[in-house]
Amino acid sequence: MKANTTVTSRSDITPFALGSEFLRAQDYYNMFSRFLREGDREFWTSVLAPQSVEGIHLRSGPGCNCASCKVRIRREAWINERTVPAERHDQVVTLAGQLGDEFATRAAEHDCDNTFASENLARLKETGYSALVLPERFGGLGGNLETLVRAQERLAQGCAATAIAINMHLFTLGSMYECANHSAIEAAFFSAIGHGRQIIAGAQTEPGGSGGWKERYETEIEKVGDRCVLLRGLKRFTSMAEHADVFLIVATLVDKSPLTNAVAVVPRRMPGLRVIKDSWDSLGMRAAGNCDLQFDAVVLPAKAIIDPREAGVIDSMAISSYAWFDLSIAAVYTGVAIAARDWAKAFARNHRTSGAARSIAYLPGSQFAFAEAEALIAQSRALYLGVAADYVRDRDSFQGESGWARIAMTKYVATNNAIRVVDLLLEVVGSEAMLRKNPMQRYFRDVRAGLNHTISNARARELIGKAALGISVHELPRW
Ligand SMILES: Cc1cc2nc3c(=O)[nH]c(=O)nc-3n(C[C@H](O)[C@H](O)[C@H](O)COP(=O)(O)OP(=O)(O)OC[C@H]3O[C@@H](n4cnc5c(N)ncnc54)[C@H](O)[C@@H]3O)c2cc1C
């Protein structure tokens, strides 16, 4: 237990004043009503951040006249939306390019100052990029996993830290939409996130890392009576935490056997939630806005705890989450490698060492390094774009640990290749690469973060190797 505050019944919950804009809280109540009882309405309306959300509906069904409810939601319609025409990918990638080029002008400053680029986030919201994985009727750009991967690869070429930060929101949203039950309540949720340009932050990592196969989190959800739970713990490295509207916190259910984890849905202003700023002064990806989160006995309605599942089970929802995460991570770090390649290429064509007749592009060492870099980038792209296309076309072919291994391989190959590319080109550029005024040193630092995202190299090798040999990762003894 991380805190000794005790809440024993609903009467212990402090009554908070109603926010001035009841609408949003009402909408949240609607969104979460599948998890809530009528009596919880007061609680939720009292604690949620008052922000207006345009375009959101209050009721679902024929009685509601809002834009999203005019569209009748049918399962077939949701599925059809996942087929994205090629020109849609291209439009979103073009937008990613424009935003990336704009963000590149601020990247060095935010990296140097260790500040989150909130103006970049504002642009991502304004242009709809923050909802790119949602259909247009929910305020999105109508992209799917392939669109996300292509767009993130391009955005990261401008500002990798912004790309990795928004990636944490986008992969979660994309997977949630993919796994949705196609209900009106979920439509309200996606409408609020899409039209309302709200940001989701996901927190899994803890001081003890995130490395186990059957994760047992120190952050715990404890049942208190029939209607409430307590959330206690400390999460680390949560991207964009200061700017998030909703936190999705992965935690372990107390006294549940077999070991079970779930996701706690925690709105930003929930009492007991503390965003610890300045906890991310890092080597790379400095402008990602990562913060630690402290939960001091946060009280939640029991039904705000969603997706309870036995730890270590690889079902279709787990596969979906891995697919959206690993493939987009692969793309972001390859984007850094591409940016480094392009900068080094321009440099090599122009730079002449004293006494040489031609630029360093004519040195065999440079040419061999570029050959290797090009091959590594091409290998990564072929792998993750191919797997993304396979996944979109036939998601059911990704099953269990072998399906997971196929997905994890993209992240493993791409993040390691990206590091190798930047290292090779750093050597080609020479000492100019060390200067702060040039971006090579930032690429060198940013690209290293790729290995930190779960799953690490060690676990990827174990998963992929065991899957190849037909051995489960859960087999004991492990080695
Ligand atoms: C830019 C950036 C943004 C991030 N954003 C978020 C975010 O939004 N939300 C979030 O929750 N996290 C986030 N993270 C955290 C990140 O995804 C990792 O989970 C975190 O860094 C912990 O990884 P780790 O490998 O260091 O941890 P650990 O699990 O402590 O691993 C430490 C070492 O032990 C090894 N190891 C661990 N377990 C095993 C095992 N079972 N077998 C063999 N070796 C093992 C690992 O390979 C590693 O070398 C972010 C990180 C970065 C860099």
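A crossing of two helices is called left-handed if the near helix is turned anticlockwise from the far one by less than a right angle, and right-handed if clockwise. Helices (H or I, at least four residues) and strands (E, at least two) are DSSP runs, numbered from the N terminus. This is a predicted model, in which local features need pLDDT of at least 70 and side-chain atom pairs count only at pLDDT 80 or more, while totals for chains, interfaces and linings use all residues. Residues are numbered from 1 along each chain as its sequence is written.

The secondary structure of the chain comprises 14 helices and eight strands. Of the 479 residues in the chain, 48% are buried, a residue being buried if 20 or more other C-beta atoms, placed from the backbone, lie within 10 Å of its own, exposed if 12 or fewer, and partly exposed in between. Two residues are in contact if their C-beta atoms, placed from the backbone, lie within 7 Å; among contacts in the chain with a separation of 6 or more, 78% are between residues 24 or more positions apart.

Helix H10 (residues 316-350) has 35 residues and should span 51 Å at 1.5 Å a residue, which agrees with the 51 Å between its end C-alpha atoms; the expected span is 1.5 Å times one less than the number of residues. H10 is mostly covered, with 26 of its 35 residues buried.

Two packed helices are described by the angle between their axes and the distance between the axes. Here the axes are lines fitted to C-alpha atoms, for helices over the stretch in contact, and angles run from 0 to 180 degrees between N-to-C directions. Angles under 35 degrees count as roughly parallel, over 145 as roughly antiparallel, 65 to 115 as roughly perpendicular and the rest as oblique.

| Helix pair | Angle between axes | Distance between axes |
|---|---|---|
| H10 and H13 (residues 440-448) | about 160 degrees | 10 Å |
| H10 and H11 (residues 364-393) | about 155 degrees | 10 Å |
| H12 (residues 400-429) and H14 (residues 457-469) | about 140 degrees | 9 Å |

With its angle of about 160 degrees to H13, H10 is roughly antiparallel to that helix, and H10 passes H13 in a left-handed crossing. On the H10 side the residues that meet H13 include Tyr333, Val336 and Trp343, and their counterparts in H13 are Met440, Tyr443, Asp446 and Val447. Seven of the nine residues of H13 are buried, among them Arg442, Phe444 and Arg448, and what covers the buried residues of H13 includes helix H5 (86-113), helix H8 (160-178), H10 and H12.

H10 and H11 are likewise roughly antiparallel to each other, and their crossing is left-handed. The residues making this contact include Leu327, Ile338 and Arg341 of H10 and Ile377, Arg381 and Tyr384 of H11.

H12 and H14, in turn, are oblique to each other, and H12 passes H14 in a left-handed crossing. This contact involves residues including Trp404, Met409 and Tyr412 of H12 and Leu463 and Ile464 of H14.

Turning to the strands, two of them pair if DSSP finds at least two bridges between them. Strand S2 (residues 220-224) pairs with strand S3 (residues 228-238) in the antiparallel sense over five bridges, and Val224 stands opposite Cys228 in S3. The hairpin of S2 and S3 has three residues between the strands, and Gly225 takes a positive phi near 70 degrees there. S2 also runs parallel to strand S4 (residues 246-253), to which two bridges join it, and the bridge partner of Ile221 in S4 is Leu253.
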